[in-house]
There are 2 protein chains.
Amino acid sequence: MSANVPTDIRFSFSGLIKRGGETADHKDGWGIAFYEGKGYRSFHDPIASADSAVAKFIQGYPIKSTAVICHIRKANRGRVCLENTHPFSRELWGITWSFAHNGQLKGIKNKQLNHYQPVGTTDSEYAFCWMLGQLKKTFPEKPKQKKEIRLVIDRLCREIATLGVFNMLLSDAANLYVYCSTKLSWITRQAPFQEAQLKDADVSVDFKNETSIDDVVTVIATEPLTTNEEWVQMGRNEFMVVSLGKQVPHR
Amino acid sequence: MSANVPTDIRFSFSGLIKRGGETADHKDGWGIAFYEGKGYRSFHDPIASADSAVAKFIQGYPIKSTAVICHIRKANRGRVCLENTHPFSRELWGITWSFAHNGQLKGIKNKQLNHYQPVGTTDSEYAFCWMLGQLKKTFPEKPKQKKEIRLVIDRLCREIATLGVFNMLLSDAANLYVYCSTKLSWITRQAPFQEAQLKDADVSVDFKNETSIDDVVTVIATEPLTTNEEWVQMGRNEFMVVSLGKQVPHR
């Protein structure tokens, strides 16, 4: 999620966590990361989100955030344990970057790492460490032009995606970088707001009652989270940057 | 806390969080970090721990861990916000390091940083970034001898402590590095276990019912957390390393 005002993710979260063991089999751990200004906090549990007490707590606890990344894991590479649970995070240029990924990457571990080392054993964390290391090598200091960063991330994503499936979310608090290798959809909600009905739970919300007229919120998910809204399916190998709820033209 | 078996911190935590706004005025945010194997997860809230719903949740949720760092903040340098809330964490050598500090450090920001940059504005996070950067500069790869790491951390702590008050906890999952500039106490609990009574809350526990005969648990705190046990007060500028619940001779 990316939003122009601190926004509560609980509606989307309530649908997504069902896919961790209830409406889908992504039951090998889950995590969620919230940006509050430059601040960052994350919650992880190496068990099915549908059964997680931490997930239940988050569902009832409204953290307002302008950027959120949430992931429910279906393990392929790397055993089920806390250190293999997304989102992963590292600091670059005094900013906490976070990362979540669906897919498999054949041979990613042949790539040379520099500044960052994985703690766990997933392909995903390795790819994140490599990507952030390349970014740091390209720009030892944060470049003034945001566009430069976007172009490098786009290029790095395309390079990784040649190794397999790389559906990815990456954030530096201000921006949400999205790479769709095979499957991601998004929706932007803004005035006039309407009612939305979750796909995975019998829950609906009328955003008219929850929002102000100027709010803009974009949600990206592997599969649409609601049944009565128009989600846009991303194309293969499409890269997108969202900032404060809106897509940023990046070329 | 450092323990030789995954141990539940809830008893000590229940006392400590009272000091965040109830029995003491460290009410400017709090955080707790748990190691589960190599895995790391932390919970932060930029409000008083005595009022925090996250703290209440943690109090009722038994996370078993061999190393825990918890901090309740009394702000002096750096405003009250999420990014200024301890413990701080960074990855070095594929290990998540975490850090919490009480005290003020005059002129710490004159020290040259290299690999790590602070996200927030506290002296503490700056000191942590400097320390970890020095460690990485000294040992680009993790040295085989643990003793080498201990000696360098000891030296770095002494250098920082010349700038003011530096009561510190640092962990790399396997070890808890403790530096007492002015005020820290510790206790090691092992068989025969006895009952303990919290100082800040009307709560007691009989550790005989909670432990196995081989368990060894060391707890370090600014001030003793219980009233009926013998805590050992650390000396000024004393450095200590605890691993799996036991002090490690480090020289």
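Predicted model: local features only at pLDDT ≥ 70, side-chain atom pairs only at ≥ 80, totals over all residues.
Student: What average pLDDT does chain A have?

Tutor: Chain A averages 95, and 99% of its residues score at least 70; pLDDT is the predictor's confidence in each residue, from 0 to 100. For the complex, the predictor gives an ipTM of 0.95 and a pTM of 0.96.

Student: How many helices and strands are there in chain A?

Tutor: Chain A has four helices and 15 strands. These are DSSP runs, numbered from the N terminus (helices: H or I, at least four residues; strands: E, at least two). The radius of gyration of chain A, taken over C-alpha atoms, is 17 Å, close to the 18 Å that the globule rule gives for 251 residues, so chain A is as compact as a globular protein of that length. The globule rule is 2.2 Å times the number of residues to the power 0.38.

Student: What share of chain A is buried?

Tutor: Buried residues make up 49% of the 251 residues. A residue is buried if 20 or more other C-beta atoms, placed from the backbone, lie within 10 Å of its own.

Student: Turning to the sheet, what is the strand order in chain A?

Tutor: Six strands form an open sheet in the order β5-β6-β7-β8-β14-β15, with antiparallel pairing. Two strands pair if DSSP finds at least two bridges between them. In chain A, β5 (88–92) and β15 (246–248) stand at the edges with a single partner strand each, so one side of each is left without a neighbour in the sheet. From one strand to the next, the twist averages 25°.

Student: How many bridges join β8 to β14 in chain A?

Tutor: Six bridges join β8 (residues 175–180) to β14 (residues 238–243), and the two strands run antiparallel. Within that pair, Cys180(A) stands opposite Glu238(A).

Student: Which helix lies across β5 and β6 of chain A?

Tutor: Helix α3 (residues 123–138) of chain A does, running at about 15° to β5(A). Axes are lines fitted to C-alpha atoms, for helices over the stretch in contact, and angles run from 0 to 180 degrees between N-to-C directions.

Student: And what about β5 and β6 in chain B?

Tutor: β5(B) and β6(B) pair in the antiparallel sense over five bridges, and Leu92(B) stands opposite Ile95(B) in β6(B).

Student: How are the two chains related?

Tutor: A rotation of 180° with 0.0 Å of shift along its axis superposes chain B on chain A, with an RMSD of 0.0 Å. The two copies are thus related as by a two-fold rotation axis. The superposition is by least squares on the C-alpha atoms of residues with pLDDT of at least 70 in both.

Student: How many residues are in contact between them?

Tutor: 22 residues of chain B are in contact with 22 residues of chain A, contact being defined as C-beta atoms, placed from the backbone, that lie within 7 Å. On chain B, β3 (39–45), α2 (53–59), β5 (88–92) and β6 (95–102) each supply at least two residues of the side that touches chain A. β3(B) gives the most, with three residues. The same surface serves both copies, since 100% of the contact residues of chain B recur in chain A.

Definitions and conventions
Residues numbered from 1 in each chain as written. Chains lettered and ligands numbered in written order. Contact = placed C-beta atoms within 7 Å. Buried ≥ 20, exposed ≤ 12 C-beta atoms within 10 Å, placed from the backbone.
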